Amino acid sequence: MRPAAVFTGLAGMAVVAGLLISAEARLRGGMGAGDMTTAEAPAIETAAETAPEAAGPSTPISDADAEIIARGAQPAAPSPAPAERVAATPADPPPPSETPGGQAAGPVAKKPIELAWPIPENAGVLSFGERRLQLAGIVPTPADRVCGPAGRQWPCGMLAKTALRQLLRNRNLTCDLDMAEWKGTVTAACRLGVQDLSTWLAENGWAEAEAGSPLGAVADKAKQAQKGIYGGDPRRK
């Protein structure tokens, strides 16, 4: 027998013996808990030994390729969160004006104010210098008004003004006003003592009542009695 054949046979027997010893050691060490059989162990070791040779040498990559791979592995930057919307709330209404006592301010109450030297401009309007005051509840009778049928007309407006002037005789009046001083023309109820001037004019027929005025019934009685502007010329009587 050739020495080479003998050497090959001994080497084969050594390999087989080594594989058997290795498999027994693994079984004793508890590997696989029955997952790996004795027949599978030599095949795994043989595959492990031949794997590096099949894979061959690793191929190196360039710096440019490495940079591209690194950029692709970076996580995308999170998108900015949308700005929160602030719900617009309506502006609070301004608080109502209050008086020093804490109560809401209301209309100013009228109060009786004494006025001196009233001068009638007509039967219903009085002047106090540059200020004017119209008596409440009546329609003033213009001073140039003419009454009566054709041929018997008479200056009823002038006589109505004269009648009011004779009643006043420049005496002080008490009128219900917001303030003692005013500008232009105001409307107010005025009294001479306890006599209401508007009522006196309506009762004597020297002025007509306003629509809806409480003096309407009084003016109707004067008209039925043909007093003042509803009658004839008092100078002929």
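What is the pairing when the bonded cysteines of the protein chain are numbered in sequence order? I opened my notebook with that one, bearing in mind that this is a predicted model. The pairing reads 1-2, 3-4, and my count comes to two disulfides.

**Entry: Cys147 and Cys156**
I looked up the link between Cys147 and Cys156 and found an S to S distance of 1.9 Å. This link is right-handed, with 65° about the S-S bond. I then checked burial, where the cut-off is under 20% relative accessible area. Cys147 has 7%, so I noted it as buried. Cys156 is buried too, at 0%.

**Entry: Cys175 and Cys190**
Next I turned to the disulfide that joins Cys175 to Cys190, with S to S at 2.1 Å. Here I read 115° about the S-S bond, again a right-handed link. Cys175 sits in strand E6 and Cys190 in strand E8, so I wrote this pair down as linking distant parts of the chain, 15 residues apart. Cys175 is buried at 0% relative accessible area, and Cys190 is buried at 0% as well.

**Entry: the nonpolar core**
I moved on to the largest nonpolar core and found 33 residues in it. Those with the most contacts inside this core are Leu133, Leu177, Leu197, Leu201 and Trp206. Among the elements that give two or more residues to the core, I marked strands E6 (173–177) and E8 (190–192) and helix H5 (197–203). Helix H4 gives the most, with seven residues.

**Entry: Leu197**
Last, I picked Leu197 and listed what it touches, leaving out residues up to four places away in sequence. My list holds Leu126, Leu135, Leu167, Leu168, Leu173, Cys190 and Leu192.

Conventions:
Residues are numbered from 1 along each chain as its sequence is written. This is a predicted model: local features need pLDDT of at least 70, side-chain atom pairs count only at pLDDT 80 or more; totals for chains, interfaces and linings use all residues. Side-chain values use heavy atoms; hydrogens and water are left out. A nonpolar core is a set of buried Ala, Val, Leu, Ile, Met, Phe, Trp, Tyr and Cys residues joined through side-chain atoms within 4.5 Å. Buried means under 20% relative accessible area, exposed over 50%, partly exposed in between (1.4 Å probe, protein chains only). Helices (H or I, at least four residues) and strands (E, at least two) are DSSP runs, numbered from the N terminus. Contact means heavy atoms within 4.5 Å. A disulfide is a pair of cysteine sulfur atoms within 2.5 Å.
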